[in-house]
Amino acid sequence: MHTNLPYNMKKIHLILTFTFLCIASFAQNEKITFNGTTRGMMEHNWLPPSDTLNIDNNIGGDALVDLRLNILPIENIRVSATLRLKNEIGGFWGQGAGLELREIYIKGVAGKYFKYKFGDIDHKMTPYTLFNNEGEFSQFDPEIFNDIRSIQLQENFNYGNAWRQQGGMLSTRLGFDSFIHTSDLSAFVFRNRSLSDGVTPDRLQGGAQAYINITETSHIGINYINLFDLPKTVSNSEHEKYNNDVTSISMNIDASFFTIIGEAGTSGIHYIDTNNVNTINREGNFFEVGIQKTLKSNRLTLSGTFRRVSDDFFSAGAQSKRIDYSQTPELFETVSPNMYTRSVNLLDMIKDASVYNQTITPELMAYNPVYNHVTPYGQATPNRQGFTFKADYTDSLHTYTSQLGLQLLRNVRGEGTEELRNYILAQWDNKINLHTLFDLQKTLALTGGVQYARSDRDGLGLVSDVNLRSTSCDIGVEKELVNRFDVLIGAHYLVYKGTEYLSIRNEFNVITDYNLQTYDGTQGLYSMGFRYRFNDNIFLTLQGNQFNLFDAKNSDNDYQINQVFILFNLMF
């Protein structure tokens with residue numbers, strides 16, 4: 001009877017059997033434990049009735065279980081593997097079910113001195129060497145966006161500012177009796193690209209860090225990272241070999257009344273085994289230095305820095321973007337009466353995992369200037385110099401949290417002209433817990449954020465002026481009506497207008513032309529929903545979203561997306 005089961009059903013039986021054995025093993029052996037996540041979601045998306053030319057309805061969803069096995073064969077070794085069982089909604093009798101190995105690593109301690117890890121590794125260094133920048137907008141999302149965004153971050157292994165890599169890592173700490181306190185040493189090698197076509201060589205990323213801890217609050221760091229091709233994996237004449245190395249020295253020195261912070265370094269792009277005239281070896285540099293002061297019992301932190309990043313500076317690990325704006329979103333690829341292929345919007349950043357980038361790339365990725373054209377690649381954005389000021393405040397009861405930032409920048413070198421752009425980027429994010437402030441029994445919290453970005457350059461009558469402005473505002477409300485039952489409201493509004501030039505680069509990261517773009521439009525994302533929290537690890541939410549885009553230059557490009565979804569999430 002069971003021999004006639006479909007192949008997918010056989011897989012499900014194997015998975016269930018394997019899961020059962022794991023649970024049984026756990027019950028019999030404390031060296032094996034498990035945890036994980038269970039999630040189920042159904043959603044309905046639709047375009048307005050006025051859009052009669054495009055596919056205007058979409059219903060989908062899935063149910064999945066991520067089971068993480070933690071095996072401790074001996075005291076100093078741990079093996080962890082995450083298996084995913086997923087079934088698309090509508091996949092009856094196992095049709096559409098899939099099994100996926102999401103994560104696996106081995107870590108431990110050798111000889112009581114060296115820590116090692118092999119397999120999947122989340123790693124970061126400094127903002128100029130290896131750093132996964134979080135994104136273009138507010139750090140305090142409305143609570144209604146947090147649940148679904150956190151899922152997208154988990155799907156793409158975006159944990160803080162670390163990049164998910166595969167390879168090996170070794171670290172140790174040395175203690176000293178005098179002069180310095182301790183020294184932290186680490187080295188790693190990750191595989192960035194594998195040989196697949198017999199022409200493109202294997203690519204690795206390796207690096208090392210040495211942190212000299214002068215005291216418990218002061219350190220000097222030496223950082224090195226290199227993204228490079230392995231020369232002997234293909235014939236020398238088949239393909240040029242790429243090498244991008246970055247070396248820097250960073251510091252955090254406690255000078256009693258304030259802290260001196262900074263980093264400085266160089267980068268290089270080199271090609272070998274090539275006759276291609278388009279390949280150009282390039283050298284770049286950067287430095288950032290400033291002071292930081294903490295006041296009022298560690299509740300208020302002020303900082304000011306000056307940085308200069310040359311136009312030739314390139315760091316693949318720090319300048320790769322989290323959002324891939326060259327991707328076409330999965331939901332409603334064509335919209336409006338023009339039936340044009342739409343680009344990534346505010347809704348996609350929260351809801352569409354397919355637009356997230358998981359790879360460190362050897363060239364500057366595309367970006368959309370209406371979201372952030374001042375620092376699209378974070379602190380490591382090339383061809384920028386100027387001042388950054390920050391103020392972070394959190395009161396003792398965590399009733400109010402606020403972050404204020406201002407960047408006044410300009411180009412290091414003109415692009416297409418000798419004139420330099422001037423930039424302003426101002427950001428203010430805040431959250432206030434009103435239930436703490438007024439001693440309420442039920443949660444009542446407000447979040448809000450504003451971002452203003454501006455660029456200016458006089459064309460002197462020879463080329464068009466640069467004068468792009470964009471303003472982003474978001475607000476959110478979280479209200480607990482009865483015990484653990486919340487009403488969530490959120491909105492994100494973006495308005496942009498002006499002219500900007502986008503650089504066109506070839507595959508060797510060299511600017512070959514400039515594309516003049518004129519923007520005039522708005523985007524709005526409005527959301528409302530309900531959530532029931534069974535406990536801190538389990539919740540059920542029903543939410544509705546409406547997204548609108550209005551193009552003042554051409555109203556035929558206007559479109560709207562409506563969405564309703566229900567999500568159950570359990571962590572165990």
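Which residue's side chain does Arg 164 meet in a salt bridge? The partner is Asp 122, at 2.7 Å from N to O, where a salt bridge means a side-chain nitrogen of Lys or Arg within 4 Å of a carboxyl oxygen of Asp or Glu. Welcome to a predicted model, in which local features need pLDDT of at least 70, side-chain atom pairs count only at pLDDT 80 or more, and totals for chains, interfaces and linings use all residues. Residues are numbered from 1 along each chain as its sequence is written, and side-chain values use heavy atoms, with hydrogens and water left out.

**Salt bridges**

- The structure holds 26 salt bridges.
- Helices (H or I, at least four residues) and strands (E, at least two) are DSSP runs, numbered from the N terminus.
- Arg 164 is buried, at 12% relative accessible area, while Asp 122 is partly exposed, at 30%. Here buried means under 20% relative accessible area, exposed means over 50%, and partly exposed lies in between (1.4 Å probe, protein chains only).
- Asp 141 and Arg 149 also meet through their side chains in a salt bridge, at 2.4 Å from N to O. Asp 141 is buried, with 12% relative accessibility, and Arg 149 is partly exposed, with 21%.
- Another salt bridge brings together the side chains of Arg 282 and Asp 312, at 2.6 Å from N to O. This pair links distant parts of the chain, 30 residues apart, with Arg 282 in strand E12 (residues 282–295) and Asp 312 in the loop between strand E13 (300–309) and helix H3 (316–319).
- Of these two partners, Arg 282 is buried at 15% relative accessibility, and Asp 312 is partly exposed at 22%.
- One network, built from salt bridges that share partners, joins Glu 143, Asp 147, Glu 478, Glu 480, Asp 486, Arg 531 and Arg 533.

**Strands E9, E10 and E11**

- Strand E9 (residues 219–229) runs antiparallel to strand E10 (residues 241–254), and 10 bridges join them. Two strands pair if DSSP finds at least two bridges between them.
- E10 also pairs with strand E11 (residues 259–272), in the antiparallel sense and over 14 bridges. Asp 254 has Thr 259 in E11 as its bridge partner.
- E10 and E11 form a hairpin with four residues between them, and Ser 256 in the turn has a positive phi of about 70°.

**A closer look at Asn 223**

- Asn 223 lies in strand E9 and stands opposite Ser 248 in E10.
- This residue is buried, with a relative accessibility of 0%.
- The side chain of Asn 223 makes a polar contact with the side chain of Gln 209, at 2.9 Å. A polar contact is a pair of N or O atoms within 3.5 Å; within protein, one must be able to donate a hydrogen and the other to accept it, and residues adjacent in sequence count only if both atoms are side-chain atoms.
- Not counting residues up to four places away in sequence, Asn 223 touches several others, including Met 125, Thr 126, Tyr 211, Ile 249 and Glu 263. Contact means heavy atoms within 4.5 Å.

**Positive phi values in loops**

- Most residues other than glycine have a negative phi.
- Lys 112 has a positive phi, near 70°. Lys 112 sits in the loop between strand E4 (97–110) and E5 and is exposed, at 78% relative accessibility.
- Ser 336 likewise has a positive phi, near 70°. Its loop lies between strand E14 (334–335) and strand E15 (340–341), and Ser 336 is buried, at 1% relative accessible area.

**An exposed loop residue**

- Glu 75 is found in the loop between strand E2 (57–74) and strand E3 (77–88), where it is exposed, at 77% relative accessible area.
- Glu 75 and Asn 506 are 431 residues apart along the chain, and their C-alpha atoms are separated by 52 Å.
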